[in-house]
Amino acid sequence: MGDSSADWAGISWTFLAEVRRRSPLVQCITNFVSMDLMANTLLAAGASPAMLHSLQELPDFTPNADALCVNVGTLTADWLPAMKLAAELAVRSGRPWVLDPVAAGASGFRLNACRALVGLKPTVIRGNGSEIIALANASVGSTKGVDSSHDSKDAVEAAKSLAQASEAIVAVSGAVDIITDGKRVVGASNGVPMMQNITATGCSVTALISAFVAVDPSRAFEATASALSIFGIAGEIGMEMAKGPASLRMHLIDSLYGLDQAAVLSFVKISSI
């Protein structure tokens, strides 16, 4: 595979087209803030969301999902057993699963929960710079809730270290999204700053990564970079019509739904770092 944006554009379109063709079932155990936008992002991309987190249902449901997305945003002790069991069931069933370690360094409880989930072999870990640094260093530190106090590029070495230790693809969201398997590192430069003013955009791109990985788990690195770029392009196109965060949210979903091959091939910005 080449490293040019043109090569990546073709790969990204292939993943989106395959998601639309196969409509993978993505189970999301996620926080109350993000459920709506995550589900609508998956639907707009052509996937099928299931916002299902009941411990009693998991043994029947999770092995039949095409991918699992676990987001610890509004974490409670009641939800953690379901997150762990779902991850175990996904791995046992040969299904990919993706972890979003929201505010991982904000408290000892949250950090320990995220570290336990990392130990359950996620296919991909997607967070902001502060979250990835906290996980890599196993440390509680200064965070601004779910917002990052680190630039994504500050977290490159931490991301590589975490990828090597966990054997997961690690993605760091930021002005440039960083994706690494512990050796290769690429940056996806799509998106607009106002996306940060809409709650749950990070959660939603994690769900999109889950859908992309679902259609080709053997290429999780390529799937992750492609999903981040595609979501960013939808934001760029949506921003042309938006007047602020609320209308951008609407146009982002519409733009993702309407993305065509020409737009993807023109706008993907992924390159080696």
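**From values to words**

Analyst: Cys69 has a relative accessibility of 0%, and because buried means under 20%, Cys69 counts as buried. Please keep in mind throughout that this is a predicted model.

User: What makes Cys114 buried?

Analyst: The relative accessible area of Cys114 is 0%, and since the limit for buried is under 20%, Cys114 is buried.

User: Why are α1 and α8 called roughly perpendicular?

Analyst: Two packed helices are described by the angle between their axes and the distance between the axes. For helix α1 (residues 5-22) and helix α8 (residues 201-215), the axes come within 9 Å and cross at roughly 85 degrees. Angles from 65 to 115 degrees count as roughly perpendicular, and therefore α1 and α8 receive that description.

User: Which residues meet where α1 and α8 are in contact?

Analyst: From α1 come Ser12, Phe15, Leu16, Glu18, Val19 and Arg22, and these meet Ala211, Phe212, Ala214 and Val215 of α8. Sorted by class, this contact has 7 nonpolar, 1 polar and 2 charged residues.

User: What makes β2 and β9 the edge strands of the sheet?

Analyst: The sheet is an open one of 9 strands with mixed pairing, in the order β2-β1-β3-β4-β5-β6-β7-β8-β9. Strands β2 (48-50) and β9 (270-272) each pair on one side only, and they are the edge strands. On average, neighbouring strands of this sheet are turned by 20 degrees against each other, if direction is ignored. Helix α4 (residues 80-92) packs on the sheet and touches β1 (25-29), β3 (67-71) and β4 (97-100), while its direction makes about 155 degrees with that of β3.

User: How do you know that β1 and β2 are paired?

Analyst: Two strands pair if there are at least two bridges between them, and β1 and β2 have 3 bridges, in the parallel sense. One of the bridge partners is Ala50 in β2, which stands across from Gln27.

User: In which sense do β5 and β6 run, and in which sense do β6 and β7 run?

Analyst: Strands β5 and β6 are joined by 5 bridges and run parallel, with Asn128 having Ser173 in β6 as its bridge partner. Strands β6 (residues 169-173) and β7 (residues 177-180) are joined by 3 bridges and run antiparallel. Here Ala171 stands opposite Ile179 in β7, and Val172 has Ile178 in β7 as its bridge partner. With 3 residues between them, β6 and β7 form a hairpin.

User: Why is β6 called largely enclosed?

Analyst: Of the 5 residues of β6, 5 are buried, so this strand is largely enclosed by the rest of the structure. In a regular strand the side chains alternate between the two faces of the sheet. Both faces of β6 are covered, since Ile169, Ala171 and Ser173 on one side and Val170 and Val172 on the other are all buried. Strand β1 is described as mostly covered, with 4 of its 5 residues buried.

User: What makes α6 largely enclosed, and what covers the buried residues of α6?

Analyst: In helix α6 (residues 129-137), 7 of the 9 residues are buried, so the helix is largely enclosed by the rest of the structure. The buried ones are Gly129, Ser130, Glu131, Ile132, Ile133, Ala134 and Leu135. Their cover includes β4, α5 (108-118), β5 (124-128), α7 (156-166) and β6.

User: Is Ser229 buried or exposed, and which residues is Ser229 in contact with?

Analyst: Ser229 lies in helix α9 (residues 220-239). Its relative accessibility is 0%, which is under the 20% limit, so Ser229 counts as buried. Leaving aside neighbours within four places in sequence, Ser229 is in contact with Ala188, Asn190, Val268, Lys269 and Ile270. Although Ser229 and Gly191 are 38 residues apart along the chain, their C-alpha atoms are separated by 7.6 Å.

Terms used: Residues are numbered from 1 along each chain as its sequence is written. This is a predicted model: local features need pLDDT of at least 70, side-chain atom pairs count only at pLDDT 80 or more; totals for chains, interfaces and linings use all residues. Side-chain values use heavy atoms; hydrogens and water are left out. Buried means under 20% relative accessible area, exposed over 50%, partly exposed in between (1.4 Å probe, protein chains only). Axes are lines fitted to C-alpha atoms, for helices over the stretch in contact, and angles run from 0 to 180 degrees between N-to-C directions. Helices (H or I, at least four residues) and strands (E, at least two) are DSSP runs, numbered from the N terminus. Angles under 35 degrees count as roughly parallel, over 145 as roughly antiparallel, 65 to 115 as roughly perpendicular and the rest as oblique. Contact means heavy atoms within 4.5 Å. Ala, Val, Leu, Ile, Met, Phe, Trp, Tyr, Cys and Pro count as nonpolar, Asp, Glu, Lys and Arg as charged, and the others, Gly among them, as polar.
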